[in-house]
Amino acid sequence: MAQLWGGRFTKETDQLVYNFNASITFDQKFYREDIEGSVAHVKMLAATGILTEDEKDQILAGLEGILEDVESGKLLITSEYEDIHSFVEANLIDRIGDAGKKLHTGRSRNDQVALDMKLYTRKEIVELKGLVKDLIVVLHNLMREHVDTFMPGFTHLQKAQPITLAHHFGAYMEMFKRDYDRLCDIFERMNYCPIGSGALAGTTYPLDRNMTAELLGFKGPTLNSMDSVSDRDYVIELLSAMSTIMMHLSRFSEEVIIWNSNEYQFVELDDAYSTGSSIMPQKKNPDIAELVRGKTGRVYGALTQMLTTMKGIPLAYNKDMQEDKEMTFDAIDTVKGCLALFTGMIKTMTVNKDKMEQSAKNGFTNATDAADYLVNHGVPFRDAHGIVGQLVLYCIEKNISLDDMSLEEYKKISPVFEEDIYEAISLKTCVEKRTTIGAPGKAAMEQVIAINEDWIANL
């Protein structure tokens, strides 16, 4: 078919070149945004006297009809058109005639595609925020439920000190709160309207860019037409924020995978979020957690690709920028799917509290508190550290925990120990005496949970 830009050319584009250049196969996703932007543009053109009221009414009716027919399936978006802008404009002209040819007055495909991408990205950020909020709410409820569920805290994947499951979940709560805030920041920073920038140098038509921006829900118009058509910072920022979300989901998934293993048995995943083996009937595999972990690299790849695409592009618009769409669409769909499935997985998993508590005891996570006990009884810390090291070696040889040692055994290693050592090293004592804000003690955790309750209520 004839191109919107065909007047300059004396022969048809080679079909292979046309196919390579076309974007309709993926930018058709923008059909709603493209029509929404055109509606606002036409209203502004009429308000400034560039279009008559009759022309405006014809165009708006035509655009509304195209939208209805696309969404009902009556009108198909096909590869006959180079891009979604061509599809909308060509169909509009077919439907209403010459008035449709005035749709593109005062704008270029450069600022049009910039607008479509911003409208689409803005909408997706809102959906991503909703999914992150859903996960945060689930974590908040799990924290309230597990303030008294004791478990080992780890460093280097070695059992270190006793904590609670609420405290562990709380660490991820903080990560996802930051993720939510990042999405809010990106939305605010990107929320300026590029339409009216033209190809790169604005237009001679007396456009009211403030009006168009207001109609489309932007804070105002962008302030440099060259930057407007060549800016993809917001896409890079979103891909970066989504990569961070996936990194957090991946770390959490890794822990769920470990906790679900036969060796740990800290949790059991719901059947709806697990799969079996085709040959081993005893298997119950954490496939959702593994896929979330695996898909993280896919989102990282989109960020790297976008940074690489943009790194050598001079001002203003260049065709390279067409590469911003497919990978961003895929990354957004991937992150949305991972957030929804991961939230369902942790919401339905069963926590084996006894296994967690026993693991904390068997891992000598209360060894630091035994050393603190000696220090509080006048033993220098370095000497206390050595004494407790001897206790741990003794327990390993006997295959027992510090809680299982008799007072006589304690006194053989240090006469300082008395009956109150058992209270001092109980998991409950070890955890609850850590009362500074951010620590796992019950009082501190309840304070944090209250802060989170207010945070969620103000979203």
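A quick word on labels: helices (H or I, at least four residues) and strands (E, at least two) are DSSP runs, numbered from the N terminus. This is a predicted model, so local features need pLDDT of at least 70 and side-chain atom pairs count only at pLDDT 80 or more, while totals for chains, interfaces and linings use all residues. Residues are numbered from 1 along each chain as its sequence is written, and side-chain values use heavy atoms, with hydrogens and water left out.

Let me begin with Leu-51. Where is Leu-51 placed? You'll find Leu-51 in the loop between helix H3 (31-47) and helix H4 (53-72). Leu-51 is buried, at a relative accessible area of 4%; buried means under 20% relative accessible area, exposed over 50%, and partly exposed in between (1.4 Å probe, protein chains only). Setting aside neighbours within four places in sequence, Leu-51 is in contact with Val-42, Leu-45, Ala-46, Ile-59 and Lys-102, where contact means heavy atoms within 4.5 Å. For a sense of scale, the C-alpha atoms of Leu-51 and Ala-370 are separated by 83 Å, and these two residues are 319 apart along the chain.

That brings me to the cores. A nonpolar core here is a set of buried Ala, Val, Leu, Ile, Met, Phe, Trp, Tyr and Cys residues joined through side-chain atoms within 4.5 Å. Which residues touch the most other members of the largest core? They are Phe-87, Leu-249 and Ile-346, out of 101 residues. H10 gives the most to this core, with 15 residues. There is also a second, separate core of 20 residues, which includes Ala-370, Ala-371, Val-392 and Tyr-410. Back to Leu-249: beyond its neighbours within four places in sequence, Leu-249 is in contact with Leu-135, Phe-176, Val-292, Cys-338, Leu-339 and Phe-342. Of these, Cys-338 counts as buried at 4% relative accessibility.

Val-292 takes us to helix H11. Among the buried residues of H11 are Ile-288, Val-292, Val-299, Leu-303 and Met-306. What do the buried residues of H11 pack against? The partners are helix H9 (225-230), helix H10 (233-259) and helix H12 (324-348).

A cis peptide bond joins Leu-315 and Ala-316, with omega about 5°, and Ala-316 sits in the loop between H11 and H12. Two non-glycine residues have a positive phi: His-156, at about 55°, and Phe-364, at about 60°. Are they buried or exposed? His-156 is exposed, with a relative accessible area of 76%, whereas Phe-364 is buried at 15%. His-156 is in the loop between strand S1 (150-155) and strand S2 (158-164), and Phe-364 is in the loop between helix H13 (353-362) and H14.

Now the charges. A salt bridge is a side-chain nitrogen of Lys or Arg within 4 Å of a carboxyl oxygen of Asp or Glu, and by this rule the count comes to 28. One of them joins Arg-434 and Asp-369 at 3.0 Å, N to O. This pair links distant parts of the chain, 65 residues apart: Arg-434 is in the loop between helix H18 (427-432) and helix H19 (442-457), and Asp-369 is in helix H14 (residues 367-376). Asp-369 counts as buried, at 0% relative accessibility. Salt bridges that share partners also join Glu-33, Lys-123, Glu-124, Glu-127 and Lys-336 into one network.

Last, the rings. Rings of Phe, Tyr and Trp (its six-membered ring) pair if their centres lie within 6.5 Å; planes under 30 degrees apart count as stacked, over 60 as edge-to-face and the rest as tilted. The structure holds 14 aromatic pairs. Phe-30 and Phe-329 form an edge-to-face pair, 5.5 Å centre to centre with 90° between the planes. Phe-30 lies in the loop between helix H2 (24-27) and H3 and Phe-329 in helix H12, so the pair ties together parts 299 residues apart in sequence. Both Phe-30 and Phe-329 are buried. Elsewhere, ring pairs link Phe-154, Trp-259, Tyr-264 and Phe-266 into a cluster.
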